[in-house]
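Here's a quick look at how one protein model is put together. Have the viewer open while you read.

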Amino acid sequence: DPSAVSMQGTLVALMLLAAVASSRAASSRVLASGKGGRDAARGLSAAFVTPGVYQGMKLRAMTQSPFGGSKGFAAPSRGRMLAPIGGLQMRGKGNKAAKEAAKEAAAEEAKAARIHFISNMIKDDLESGKHENVLTRFPPEPNGYLHLGHAKSVNLNYGVAKEFGGVTNMRFDDTNPVKEDQEYVDSIKEDVRWLVSGSTDGPDPWNGEVRHASDYFETFYEAAKYLINQDLAYVEELSAEEMKEYRGSLKQPGRNSPHRDRPKEESLDLFERMRAGEFEDGSMCLRAKIDMSSPNLNMRDPALYRIRRATHVMTGDKWCIYPMYDYAHCLSDALEGITHSLCTLEFEDHRPLYDWFVDKVLDSGLIEARPRQTEFSRLNLQYTVLSKRKLIQLVEDKHVNGWSDPRMPTLSGVRRRGYTPEALRLFCERVGISKADSNIDMSVLEDCAREV
């Protein structure tokens, strides 16, 4: 009876679908306790260190391998680790055709993903003649390893530059020698080579030599002296606690420091003596003179320089005063002639300060370009810790076996798990570029790994 055969086939198909769903749900569970473990038990992905596991610091969770067994850190082959749909392997001639079709679909998807508000902005700038070329930069701070959140920024900066025939600078914003290390510098360069060029020992994808904010320390110093002479900066002697009190809050305006109106000649003399090492760490700082009543807290006389006796990776003990990140970052972009400064949304409130520094220093002749800062949403993964501060704590407290532990969401960690640079690039394109905050499910990353 044809109808009986058809019904039997339908029942078999439904049984197979149920088995696949059960297998996939089982494969997504991770041995963990606390909130992260409960979420995984509900069928949610917890492949990396979860916020719940981090908060509880559960050693049981941290010493179990995501692949089964304890401390099983050897990365399995791609085919076995990331098998399509719960471990079922596709075999036969149809598999090859399906893979080719998937690659074509992924190529079309990637082409569409590259059309976003930043690419449209760059296209308009080129067509209007505002810029003749495109020069972006990837400016990490060398105070930790790159994680999955950084992959989006790397892919965007290098991707849009390549799309429009431009190049990307690699620059380390090394303004805080206390937290920086050569190990981080080497790992970041290795990760960027792997993600962009496809191999850790591949060609350098960046434009020319690696740059450092410390290359421009002398220029930053001269720019600070120029601001003092223009009565746009002054030397502050309040303590950190007093500065915080004078700063005000979101509901209350700040108050002017008693040192704000000191003569510029006095501030210049004190600043030069700061560089000479005459004062103790933390006893003085240089502040910009902007507006203590601004609704934007970043504009309430931010610090430009602080005294900090620490050996720098690049400059050694030459300096005992170091520029603040906000001050050095924008001037570095201007000195390099960056056309489009792309950064994540947490820097949106810093853009007025970015523009203020550039506009005021332009008149000095020390810089010539005026970069444009544009923000995009950062990459967030559900149930995954992507805070460098928390990841550092996990490493320092030895809850994981270093930054490259396969349980860590660092680029070196996922590389050990068997993920490929092609999978991460596809993932970044699939996530897209926008100004809306998003929280991406881990299954999206896993699907990208299966498709490449």
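This is a predicted model: local features need pLDDT of at least 70, side-chain atom pairs count only at pLDDT 80 or more; totals for chains, interfaces and linings use all residues.

Numbering runs from 1 along each chain as its sequence is written, and side-chain values use heavy atoms, with hydrogens and water left out.

Helices (H or I, at least four residues) and strands (E, at least two) are DSSP runs, numbered from the N terminus. Two strands pair if DSSP finds at least two bridges between them. On that basis there's an open, antiparallel sheet of 4 strands, ordered β4-β5-β6-β7. β4 (233–236) and β7 (321–323) sit at the edges with a single partner strand each, so one side of each has no neighbour in the sheet. On average, neighbouring strands here are turned by 20° against each other, direction ignored. Between β5 (residues 285–288) and β6 (residues 303–307) there are 3 bridges, and Leu286 stands opposite Tyr305 in β6.

Now the helix angles. Axes are lines fitted to C-alpha atoms, for helices over the stretch in contact, and angles run from 0 to 180 degrees between N-to-C directions.

| Elements | Angle |
|---|---|
| α11 (residues 217–229) and β6 | about 115° |
| α9 (residues 148–163) and α18 (residues 421–431) | roughly 80° |

Helix α11 packs on the sheet, touching β4, β5, β6 and β7; contact means heavy atoms within 4.5 Å. The axes of α9 and α18 come within 10 Å, and their crossing makes α9 roughly perpendicular to α18 (65 to 115 degrees). Residues in that contact include Leu148 and Lys152 of α9 and Arg425 and Cys428 of α18.

Definitions and conventions
Angles under 35 degrees count as roughly parallel, over 145 as roughly antiparallel, 65 to 115 as roughly perpendicular and the rest as oblique.
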